[in-house]
Amino acid sequence: MLRLVPMLLLVLLALPAHAAERWETLPPTPAPIPAERSGQVDGNGIRIHYAIYGQGSPVVLLHGGLANADYWGHQILALAPHHTVIVMDSRGHGRSSRDSRPYGYDLMADDVVALMDALNVSKADIVGWSDGGIVGLDLAMRHPGRAGKIFAFAANTATWGVKDDVEKNPTFAAFIERARHEYEAYSAMPTAYDAFVEQIGKMWASQPNWTDTQLKAITAPVWVVDGDHDEAIKREHTEYMAATIPGAGLLILPNVSHFAFLQDPMLFNFAVLHFLGDR
């Protein structure tokens, strides 16, 4: 038995000190997918970059803050056989421009409506991640005739729902740094990333702050969704959202974080397709 001890020690020393859990990883941003139709349209005072895939009932995918439409690559492939999938870069993000107005969720929701108008889309379901989920809920409140079902992933409806020092989380910090390089590659103002983050940060610090009354006025079908290890959003806030929005569903995806759509796209896509009635 004693002879086995040195061998056992060698095996243990050969093992990695810590194998990262799925929720601790930040998989690569999907490569851009060639679109059947893409370009830029003028709307709400800016140039909005968009791309369209597939056919069927329209679904608009709205990315999170600091990101761009490329992040939806896995979802585009899953949804395009069932839907007309529309992705866009939010104002000042990716390939879209911005004007001098401060960032705000009402303004960004109006951008979505402007794109839908330009594409002659009267109504669409919304799948949103983080800021995109917030914009989806904003659409449900302020443009109820334009938004169908709302899949709000990793969103918040009040500033108290965001965890303190989220930017210090290693996974989230890695995302912020990755977003810098993507911003530099796509933006018409590639050296302005730090100012861009500062301006978005001001929005995050003060918005959204919707009341119970506003949330209870939502009539669209809503799923409130998050990962069980979200670095940014407090679980109690996610549960509060689902309990306050009338008829909302609550779904907590296992072993994933704020970046579930990259970490476990098969599970994330199944949830979206089920919500939209395709599974």
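## Ground rules and confidence

Residues are numbered from 1 along each chain as its sequence is written, and side-chain values use heavy atoms, with hydrogens and water left out. Because this is a predicted model, local features need pLDDT of at least 70 and side-chain atom pairs count only at pLDDT 80 or more, while totals for chains, interfaces and linings use all residues.

The pLDDT, which is the predictor's confidence in each residue from 0 to 100, averages 94 over the chain, and 94% of the residues score at least 70. Confidence is highest in strand β5 (residues 124-129), at a mean of 99, and lowest in helix α1 (residues 4-14), at 41. Over residues 1-15 the pLDDT is below 50, and this stretch has zero contacts in the model beyond near neighbours in sequence; a contact means heavy atoms within 4.5 Å. Helices (H or I, at least four residues) and strands (E, at least two) are DSSP runs, numbered from the N terminus.

## The sheet

Let's start with the strand order. Eight strands form an open sheet, in the order β1-β2-β4-β3-β5-β6-β7-β8, with mixed pairing; two strands pair if DSSP finds at least two bridges between them. At the edges are β1 (37-43) and β8, each of which pairs on one side only. On average, neighbouring strands of this sheet are turned by 20° against each other, direction ignored.

Strands β3 (residues 57-62) and β4 (residues 83-88) run parallel and are joined by six bridges, and L62 has M88 of β4 as its bridge partner. On to the next pair: β3 and β5 also run parallel, with four bridges between them, and L61 stands opposite V127 in β5. Further along, five bridges join the parallel strands β7 (residues 222-227) and β8 (residues 249-253), where G227 is partnered by L253 in β8.

## Crossovers and helices on the sheet

One right-handed β-α-β unit is made by β3, helix α2 (residues 73-79) and β4; another consists of β7, helix α8 (residues 235-244) and β8. Right-handed here means that, with the strands pointing away from the viewer, the path from the first strand over the helix to the second runs clockwise.

Helix α10 (residues 265-276) lies across β3, β4, β5, β6 (147-153), β7 and β8, and runs at about 155° to β6. Axes are lines fitted to C-alpha atoms, for helices over the stretch in contact, and angles run from 0 to 180 degrees between N-to-C directions.

## A helix pair

Helices α3 (residues 105-118) and α4 (residues 131-142) pack with their axes 9 Å apart, at an angle of about 75°. That makes α3 roughly perpendicular to α4, a label for angles of 65 to 115 degrees; under 35 counts as roughly parallel, over 145 as roughly antiparallel and the rest as oblique. From α3 the contact includes Y105, M108 and V112, and from α4 it includes I134, L139 and R142. Its residues divide into eight nonpolar, no polar and five charged. Ala, Val, Leu, Ile, Met, Phe, Trp, Tyr, Cys and Pro count as nonpolar, Asp, Glu, Lys and Arg as charged, and the others, Gly among them, as polar.

## Two backbone details

Most residues other than glycine have a negative phi, and most peptide bonds are trans. The peptide bond from Q207 to P208 is cis, with omega near -10°, and P208 lies in the loop between α6 (193-206) and α7 (212-216). A154, although not a glycine, has a positive phi of about 55°; A154 sits in the loop between β6 and α5 (170-186).
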